2 protein chains.
Amino acid sequence: MKAKKEITIYDIAKKLKYSPSTISRALNDHESISKNTTLLIKKVAKEMGYRPNSLAASLRNNKSKTIGIMISRINRPFVSSLISGIEETARKAGYNVIISQSNDKYENEVINAETLYNSRISGLIVSLSMETRKLEHLRRFMDQGIPIVFVDRVPDELDIHKVIIDNYTAGYKATQHLIEQGCSRIAHFAGAQHRNVYRERKKGYLDALKDHHLPVDNDLIVSFKSLSFGEGEKATRNLLDLPQPPDAIFSANDTAAVSAIMYAKKRGIKIPEELAVIGFNDDPIASIVEPALSTVIHPAIKMGQISAQRILQHAAEEDENNSPEVTVLPTELLIRDSSKKKA
Amino acid sequence: MKAKKEITIYDIAKKLKYSPSTISRALNDHESISKNTTLLIKKVAKEMGYRPNSLAASLRNNKSKTIGIMISRINRPFVSSLISGIEETARKAGYNVIISQSNDKYENEVINAETLYNSRISGLIVSLSMETRKLEHLRRFMDQGIPIVFVDRVPDELDIHKVIIDNYTAGYKATQHLIEQGCSRIAHFAGAQHRNVYRERKKGYLDALKDHHLPVDNDLIVSFKSLSFGEGEKATRNLLDLPQPPDAIFSANDTAAVSAIMYAKKRGIKIPEELAVIGFNDDPIASIVEPALSTVIHPAIKMGQISAQRILQHAAEEDENNSPEVTVLPTELLIRDSSKKKA
DNA sequence: TCGTTTTTTGCAACCGGTTGCGGCTCAAAT
DNA sequence: ATTTGAGCCGCAACCGGTTGCAAAAAACGA
C-alpha cells in the first residue's frame, strides 16, 4: 500500500541536466526546442515511466481537458447514444467527459451547472431539461468564453451553437406518409410545447395537414407531459372513445406510440388497417412491437460526435471567432408495418 | 468576452485581514478555527461570490473528487442505469463522474485505465469488457491505494470489492421455473464463459436440471459470442431444426430471448405452449414483445448507487482498513406470459 | 500578577506543470 | 573583427489551495 513516487518533469530534468521548462516544452512539442533534445527527452520520459499530471496543467491554464455534459437522464436510449458519441470523440482527442443528470428538473440543472463550472471544464454540451425556460444558469460559461453547444433540446435563441435535427420536416414527412396511406383523421401525441423539438414536430404535422387540405381537429391533438407509456395508453383510450376516432396517430416519441399500438390491439383495433401509427426516435422497442413501429430515425451518436467536435474545435482556435454554428442533421423515415396500409 | 476575475481565498484573506490559511481552514470547517471566524468567513465568501477551485485542491492532494467508470458501452439499458445510479450518488457527495467506454475491447480498456489514472481519480468503478482476462492494467490503481469496485462483470479474484447479483441462483430459479411449467428439454443461451455472470447463470441452469433429474443435452446449450439479436435468431433456428427441439429456452439476456420469441413465432411455434422462453435483465423490450418476456430483474441503478457508496466510504476513511467487501444483491424472477404454461 | 495551558491564527513550503522574458551560443553578414 | 540574428534553453514567477509547525492570543490556575 506504499504509494510509489510519481515521476515528474523535475525528475527528468535532474536526470538529463535540463531545466523543467525545457522538459515541459519538449513534451509539448514546443518549436523552440531542438528536434534532438525533444526526441531525447521524450525517450527518457517514457523510459522513466513519466505520466503527465493533468491537474497541474489544468490549474496553471485554469482549464481542464474535460467536456461537461448536461442531460436529463442517462438511461434513455437517445441520451445514452448521444453520450456514447460524445465520449468517443472526446477521448480520442485526449479529453475526459463528465456527466450530470438533471432528471428533467430545472433546479438540478442549475446546481449541476455550478458544479461543472467549478470543475473548469473547457466546454459544455447541453440538452435542456424538460422544465428549463431560462438560461441564466449558463450565463457564467458564456461570460468566461467557455463554449456551449446545445443539442437536440435546445433554446430558441439564435446566436448559439446548436446541433439538431430537422424536427419540422420530420414531423411533416411522418404526417404526409400517413396521409399517403389514406388516413384522414390523424391524431398527434405532442410533447411539451416550450421545447423546440416537440413544437417543431407539431408544426410539421399541422402544415402537412394543411397542405393536403385536411382539417385540423383539436380533439385529435393530445398534449403530453412526458410522453410516457402510461400517458400514451390513456390518451389512446380517450381517442378511441371519441365519436369519430382517428385512423392514425403520429406520436412525438416511440414510447407513447408503442403504448398506443398495444392498447389499441387490446381493444381489437387492427393496426395499421384501422389505426396507423408512427413514432419518433427508433428506440429498440420500436422494432419489437407487433406490428413493428414506423418511426423517424434520430442520428443520436452522430449528434454527440458533432457536438464534441464543436467543442474541440473551439478549444483549438486561439482566437475566438465564435460565429455560432447551427448544424441540422437529416432524419429518415423508417417505414415498418405499423403504418403500411398499402402494399 | 472579458474573463471576469475569479475570487480566490487570497481575495477574501485581504479583505478580512486574515491569512489565506485561515480562510482555507474555515471553508473546510477545520476544527482549529473558532466558530465565529468560520461563520464570518463563510458569509463573506458567499457575498464575494467565491467558488472553490477544485483543481488547486486536487493538485495539492494529488486526488481529484472524481470517480472514474469503465464500462463496455453506455448505450445499453443495464449500463446506462448503472451509471445513472453512480452519477446520482456521486454528485450528492460532491464528486464528479467521468466515463470511459471500452466497446468490449481489452485494448481500449487498457488505454482508458491509463487516462483515468492520469486524471487522479479518487476511485474507480469497473465492469469488465467482454474480452478482458487480465487485470494488469488496473494494478497501478491498487498500488496507489485507489479503491476499485468491480460491478456485475467482475473478475474471479477473491480479495477485491465487488457488487454483483447472485447469478447462480437467478439462473437456477429461472430454469426451475421452466421445469415447474412442465418443460423437460430446456435449452440455454450462454454468454462468454470466462465472464462470471454468464458462467454462473449457466451453472445455475445445469444444477437445476440435475436437481430435477433432467438430462443435460449439450445440443441444447448454445455458446454465444455477444448474445445479439442476430445470433439469437440463428441459434433458435438451429435448435428448432433439431430432431428433438427444445420445449423451453433460458437465455442469458433479453435481447437473445426476444429474438428467439420472434423467430419462433415466425415459424409458427406457439409461445409458451410449444416453447417457453425466459430472459435476463428486464430490458424495455422484454415487456413489449408478445407474449411478454419472463425475465430476471437486475437492480442496475441500485448496483450503481452501492458501488459509488463504496468508493465514497473508502475516501472518507483516513486509515485504510480495506477489507474487500462483496455485496450480492437479490434478483427477482419476473414471470410474464412467455413462460406461463399453467394458469 | 505571572507562568502555563489551550485556542486561534499565520508563515512558508508544497503540489507539478507552464510561460514571458532574457541570456547564451554560434554561424552568417558586414 | 564586429555586428546581427536565429536557435536553444533556463530563471523565476505563477496557478489556488493545503498543511506542519510555530507563534500569538486568550483563557486559566496559582
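**View 1. Polar contacts and salt bridges between chain A and chain B.** In this predicted model, 22 residue pairs, both at pLDDT 80 or more, are in polar contact across the interface of chain A and chain B (a pair of N or O atoms within 3.5 Å; within protein, one must be able to donate a hydrogen and the other to accept it, and residues adjacent in sequence count only if both atoms are side-chain atoms). You'll also find six salt bridges here (a side-chain nitrogen of Lys or Arg within 4 Å of a carboxyl oxygen of Asp or Glu). One of them joins Glu6(B) to Arg120(A), with the closest N and O atoms 3.9 Å apart.

**View 2. How much the two chains share.** Each chain puts residues into the contact: 55 from chain A and 55 from chain B (heavy atoms within 4.5 Å). Together they bury about 4800 Å² (accessible area, 1.4 Å probe, lost on being put together, summed over both parts). Carbon and sulfur atoms account for 52% of that.

**View 3. Close-up of DNA strand C.** On the base side, an N or O atom in the side chain of Arg25(B) sits 2.6 Å from a base oxygen. Over at the phosphate, a polar backbone atom of Ser19(B) is 2.8 Å from an oxygen.

**Notes on the model.** Local features need pLDDT of at least 70, side-chain atom pairs count only at pLDDT 80 or more, totals for chains, interfaces and linings use all residues, and side-chain values use heavy atoms, leaving out hydrogens and water. Residues are numbered from 1 along each chain as its sequence is written, while chains are lettered from A and ligands numbered from 1 in the order in which they are written.

Conventions:
Buried area is the accessible area (1.4 Å probe) that two parts lose on being put together, summed over both.
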